[in-house]
Amino acid sequence: HDEIGNLANSFNNMSAQLLLIKKRMEEASKKLIHAEKLASIGRLSASIAHEIRNPLTSVKLNVQKISESECWGEVEKGHLEICQEGIEHIEIFIKELLNFTRVSDLNFLQFPMEQVIDSSLKMIADSLELKNIQVKKVYQKGLPPVFVDGDKMRLVIVNILRNAYEELDEGGEIDIILSFQEEEEDRKIKIEITDNGTGIAETEWDNIFEPFYTTKSAGIGLGLANAKKIVEQHNGSIRILKKEGKGACFEILIPCGEEQ
């Protein structure tokens with residue numbers, strides 16, 4: 001409690017502030033590197049998508065024209081159907097690629113997050129029914145609305161639900177928990193989506209939101225990357241949480257209260 005003590009306290013406070021500044025600078029540097037990486041991927045992907053789309057349209061029209069002819073037998077028609085399915089698969093790939101690379105303006109409106117979740121479940125209801133997947137919802141009462149782009153946020157939820165669907169066996173379960181989180185003046189809606197599927201290895205957590213990274217035999221690895229991009233456009237965050245037992249748990253935090 002003398003001058004030396006005051007000096008020591010000042011030094012400790014200064015050290016703590018410097019460590020905090022260093023941490024924030026490192027986080028900002030990581031975000032900048034990630035943004036530059038995504039920008040480079042975006043430019044390259046958009047260029048590739050456009051180069052593929054033009055000749056693919058010509059191929060598609062000619063295959064359709066040929067398939068309309070009545071001179072083909074069943075074998076030839078089967079081959080043409082395979083061609084059309086392949087073209088449709090490539091078109092889906094191009095669409096996802098362009099959706100990821102396109103920087104679109106968000107249309108912020110006030111929504112109850114419960115409404116966003118429920119409408120997302122309706123969009124994927126048929127797929128969930130095929131596997132007899134049970135969805136349990138727990139919504140905290142009296143949640144404040146959020147200012148979000150409803151269509152974009154539904155896309156986020158649907159992408160995570162599809163990821164869970166692909167990891168689940170027949171009769172699996174998905175739990176959705178909505179709650180309010182407040183720390184000082186930071187007010188957020190927390191969305192937790194948990195499944196009891198095969199789960200995601202912890203060694204893959206750092207890569208799972210990277211574009212084109214996938215652990216599945218099908219898919220191009222843009223669903224979760226696009227979800228992360230949209231959530232961050234809403235000044236929110238998304239991450240994987242550790243959970244007991246098998247399966248995966250995604251946590252999404254979205255600011256609420258005032259219009260962004």
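Which residue just after α6 takes a positive phi? In this predicted model, in which local features need pLDDT of at least 70, side-chain atom pairs count only at pLDDT 80 or more, and totals for chains, interfaces and linings use all residues, that residue is Asn-235, with a phi of about 60 degrees. Residues are numbered from 1 along each chain as its sequence is written, and side-chain values use heavy atoms, with hydrogens and water left out.

The protein chain contains six helices and seven strands, assigned as DSSP runs (helices H or I, at least four residues; strands E, at least two) and numbered from the N terminus. Their order along the sequence is α-α-β-α-α-β-β-α-β-β-α-β-β. The radius of gyration, taken over C-alpha atoms, is 24 Å, well over the 18 Å that the globule rule gives for 260 residues, so the protein chain is more spread out than a compact globule; the rule is 2.2 Å times the number of residues to the power 0.38. The C-alpha trace spans about 100 × 40 × 35 Å along its principal axes.

Of the 260 residues, 34% count as buried, where buried means under 20% relative accessible area, exposed over 50%, and partly exposed in between (1.4 Å probe, protein chains only). The largest nonpolar core has 39 residues, of which Met-113, Ile-174, Ile-191 and Ile-252 touch the most other members. Such a core is a set of buried Ala, Val, Leu, Ile, Met, Phe, Trp, Tyr and Cys residues joined through side-chain atoms within 4.5 Å. Elements that each supply at least two residues of this core include α3 (113-123), β4 (173-183) and β7 (249-255), while α5 gives the most, with seven residues. Ile-252 is in contact (heavy atoms within 4.5 Å) with residues including Val-156, Ile-160, Ile-191, Val-231 and Ile-238, its neighbours within four places in sequence being left aside. Apart from this core lies another, of eleven residues, among them Leu-56, Val-63, Ile-94 and Leu-222.

In α6, the buried residues are Leu-224, Ala-225, Asn-226, Ala-227, Lys-228, Ile-230 and Val-231. Lys-242, in the loop between β6 and β7, is instead exposed, with a relative accessible area of 63%. Not counting residues up to four places away in sequence, Lys-242 touches Glu-202 and Trp-205. Lys-242 and Glu-202 are 40 residues apart in sequence, and their C-alpha atoms are 8.3 Å apart in space.
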